[in-house]
Structure formats: C-alpha cells, structure tokens
Amino acid sequence: MTGGTPVFPRFTVPTQVITGVGCLRQLEGIIAEFGSPEVAVVADVALDDAGVLGRVIGDAMTWRVAGLSLIQADPGVEVVEQAVDDARAAGATCVLAVGGGSALGVGKAVGIRLTNDQQIDAYEGRDRVTRRPAPTIAVPTTAGSGSEVSNALVLHEKSRDNEIVVRGQGCEPRVAVLDATVLRTLPRQPLVYSALDALSHAMEALWARGASYFTTSVAITAARSIIDRLPTAAAGADGGLNASGANDAALQELLEASSAANMACGNSALALVHALSSSPAVRVPHGLQNAVLLPHVARFNESYLGVEAAALLPRIDALYAELSLVPSFESIGYGAVDGRRMIEASLHNPFRSNNRRAPSDEDLAGILLRAGATFTSRRSDDRR
Ligand SMILES: [Fe+2]
C-alpha cells in the first residue's frame, strides 16, 4: 500500500523465448522474421577469442553483419556510443547481442539508440525512452544475468559513484535464444558465480514485497533447477564433460532457470541481496558478491517464507558444501570488503525496502559480519 492506494502485482514477460539444445541453428530464420535486416552484432570480446562468436553467427545468408562491437566487462556510456556510431555507419536496423550481462546490456542500449537521438545516459531511469527501440535478439552465453529477458541495462561510469540504469517497457530484447551449446566452454568459476547470481534472483523474488502467485511459482521452479543442476555443470566444466556436450541437458536447464529467475525478479523487483551489493566502492564481481551474501540474507528472511520456499534454504547450504564454497568474503580471498559502504549503498536503493522483512542497520551489520565483511569502526548503527 502507498498512501492508502493498493498496489496490485503485474506480471509481464514480453520477450519471446526460443529454447533447446541446438536451437541456435534457427537463428537465420529468427532474424529473417525481422525482414532480412542489417544486423549490428554486439558481443563479449572473450567469445571472439574462444571462437564461440563465429559459431553463433555461422554463415549468415539472409542477413548481413552491419557493425561488430566487442565488449569488455562493465561497459560505460562511451562504449555504447561508439557501438551506436559503428552500427549507424553500417546501416544497422536490428541488433544481435551475444554474451553475458555486459554485452547483452550494450546490445539493448544500441537498440534504444538506433531509434532515439540522445546519448544513452539521457534515458537513465524508468520509462524515459520515448521511441520503441530497434529489435534486439539476445543470445546469453552465461546462465546468470537473465538480461536476455530483462528490460533493464546497467552501465558503469568511473566519474560517478552509482551505476547508470536505463529500464522500461520495450527495452527488453524482442527474442531470447537459449542454447546450451554456447555454455560448453565456460570455465567453472564464471559458471558457478553467475549461476549463484541467478539463484539469488530467484530467492529475492521469494522474499520480495512485490511477490505474486506468478513470480513465486516461477522462482521456486528456477531455484530448484539451479540447485539440482549446478553441481553437475560445475564438475563438468573441470572434467571435460561440458566441452564434449555430455552435460548439455544440465547446462540447458541452468540456462532456462536463469531466464526464469529473471522473469520472476523482474516482476517482483529485487531485494536485500542486491541492495547490499550495489555499492560501486566494493570491488567484488556482481555474481561473486551475491553468492556470498545469499545464504546469510536467506536466513534473515527465513521466517517470512512459505513452506516450499523455506525448504530451499537447507538445500542451498548443501549446494555450497558440494561446491566447496564458503560464503565469506574473507575465505574467498577478499579480506577488506567494507560493510559500512554496503549498508550505505542499501539506504539509497529501493530494493532494500522491497525486502519483506525490514532490516535495521544493526541487522545488516550482523548479516555482513557473518559474510566476512569488515567494519573499520564499531559504530555500525550510527545512521539509524
Ligand atoms: Fe544479480
């Protein structure tokens, strides 16, 4: 309730999802539905090095690569604008984005800019994009961000102390193509941390104030899939079974669960894990940061969960044990994660108030101490 007016949940999943091992073979036909377009390709730079990009693009017959932009992690406005210039110069009318959250985010930004004139940061906020973006087709190569079904994109500017978030109806990709074959060569560490980020998306949807019957149903299914399948996929990354294709079924379910988790949290909105992990001053990769925070925030929220959701908590603990992952910044080699900065960041983040159990700063200090963060002063409650 806000101001006495009830806020009823909405559930919207506008992206068309095409899914299945080998479905990328249909990319030609999927793109052709947009009228044999000139396609700007935006891809994670590592995929080009690993040869994955060549396999995705294949020998396109009915469309043309109109500009190729290779993206590093945590891109900013300049990267987007350069990609837009290249795409416009090549006459692009459509975008193919291939990669993890960074490349998919830039792909969506290029789609927005192809039909909207101002620099991308002019559209910061919600629903500020005025013209419908050019169509973007997203091919995720990690099972984690869920960006392929999300209407938000995040950019990083060194000159600012917060991220630039552009979001709104119509900013999501028109089509997401989920094919496990592009995950075969993903190393164990990024595979595990991105999957645990996806698990945090599912769990946040369960303890969010914005949860509904629809988000909870999708989130529980997604969480179970990640818990069930991640050990096999992680072991296969080391043991060669992923590379050989023997684990395609597990990788495919992880990929689908990651998209589903984002469908849930995209509608319920995120909560405390992501509020705490939003400080740009804390330099720990997003997936890793959320992986550490997840079990501790889960315990904090336990009494606010339904029976099925609460039953996931001991399973998450067992998953971490199986992965030999101790959820502590200290034990994974980040000895000086500033808990105070994380609490400060959460104060300005709407995800904190979307957490069904309202936390005090003291509660948060307890969570963060258990997660191995450090506090330089003992006055952890001085902002209450
Ligand atoms: Fe996340």
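Visitor: How many cavities of 30 Å³ or more does a search of the whole structure find?

Guide: Let's start with the general idea. Rolling a probe the size of a water molecule over the atoms shows where empty space is left. In this predicted model, a search of the whole structure turns up three cavities of 30 Å³ or more.

Visitor: How much space lies in the second largest cavity?

Guide: The second largest cavity holds about 50 Å³ of space. Its lining is made of Lys108, Gly111, Pro133, Ala134, Pro135, Thr136, Gly170, Cys171, Glu172 and Arg174.

Visitor: How do the residues of that lining divide into nonpolar, polar and charged?

Guide: In the lining of the second largest cavity, four residues are nonpolar, three are polar and three are charged. You can find each of them in the structure above; Pro133 and Glu172 are among them.

Visitor: Now the metal, please. Which residues coordinate the iron ion?

Guide: The iron ion is held by Asp197 through OD and by His201, His274 and His286, each through NE2. The distances run from 2.2 to 2.3 Å. Along the chain, these donors follow the spacing D-x3-H-x72-H-x11-H. Asp197 sits in helix H6 (residues 188–206) and His286 in helix H11 (residues 286–301), so this pair ties together parts that are 89 residues apart in sequence.

Visitor: What do the angles say about the site of the iron ion?

Guide: Again, the general idea comes before the case. Ideal angles at a metal are 109.5 degrees for four tetrahedral donors, and 90 or 180 degrees for six octahedral ones. Here the angles among the four donor atoms of the iron ion range from 89 to 165°, and the site is irregular. To count as tetrahedral, four donors need all angles between 85 and 135 degrees.

Visitor: What about cysteines: how many disulfides does a search of the whole structure find?

Guide: The search finds zero disulfides. A disulfide needs two cysteine sulfur atoms within 2.5 Å. For Cys23, the closest cysteine sulfur is in Cys94 and is 16 Å away, which is too far for a bond. Cys94 is in no disulfide either, as the nearest cysteine sulfur, that of Cys171, is 16 Å away. Cys23 is buried, with a relative accessible area of 8%, and Cys94 is buried as well, at 1% relative accessibility.

Visitor: Let's turn to the backbone. Which value does phi of Asp74 take?

Guide: A general point first. Most residues other than glycine have a negative phi, and most peptide bonds are trans. Phi of Asp74, however, is near 55°, a positive value in a residue other than glycine. Asp74 is placed in the loop between strand S3 (64–71) and helix H4 (77–89). With 49% relative accessibility, Asp74 counts as partly exposed.

Visitor: And where is Ser324 found?

Guide: Ser324 is in the loop between helix H13 (312–322) and helix H14 (339–347). Its phi is positive, about 55°, although Ser324 is not a glycine. Ser324 counts as exposed because its relative accessibility is 65%.

Visitor: How far apart in space are Ala264 and His201, C-alpha to C-alpha?

Guide: Ala264 and His201 are 63 residues apart in sequence and 7.7 Å apart in space, C-alpha to C-alpha. His201 is one of the residues that coordinate the iron ion. Ala264 lies in helix H9 (residues 248–268) and is buried, at 0% relative accessibility.

Visitor: What separates the C-alpha atoms of Ala195 and Gln82?

Guide: Ala195 and Gln82 are 113 residues apart along the chain, and their C-alpha atoms are separated by 31 Å. Ala195 belongs to helix H6, and with 1% relative accessibility it counts as buried.

Visitor: Where is the place of Ala371?

Guide: Ala371 is in the segment after helix H16 (361–370). Ala371 is buried, with a relative accessible area of 0%. From Ala371 to Val326, 45 residues apart along the chain, the C-alpha separation is 9.2 Å.

Technical notes
Residues numbered from 1 in each chain as written. Predicted model: local features only at pLDDT ≥ 70, side-chain atom pairs only at ≥ 80, totals over all residues. Heavy atoms only, no water. 1 Å grid on protein atoms, 1.4 Å probe; cavity = no way out; pocket = protein on both sides within 12 Å on 5 of 7 lines; lining within 4 Å. Points joined across faces, edges and corners; volume = space filled by probe spheres on them. Nonpolar A, V, L, I, M, F, W, Y, C, P; charged D, E, K, R; others polar. Donors = N, O, S within 2.8 Å, 3.2 Å for Na, K, Ca; no water. Tetrahedral: all angles 85-135°; square planar, octahedral: opposite > 155°, others 65-115°. Helix = DSSP H or I, 4+ residues; strand = E, 2+ residues; numbered from the N terminus. Buried < 20%, exposed > 50% of the residue type's maximum accessible area, 1.4 Å probe, protein only.
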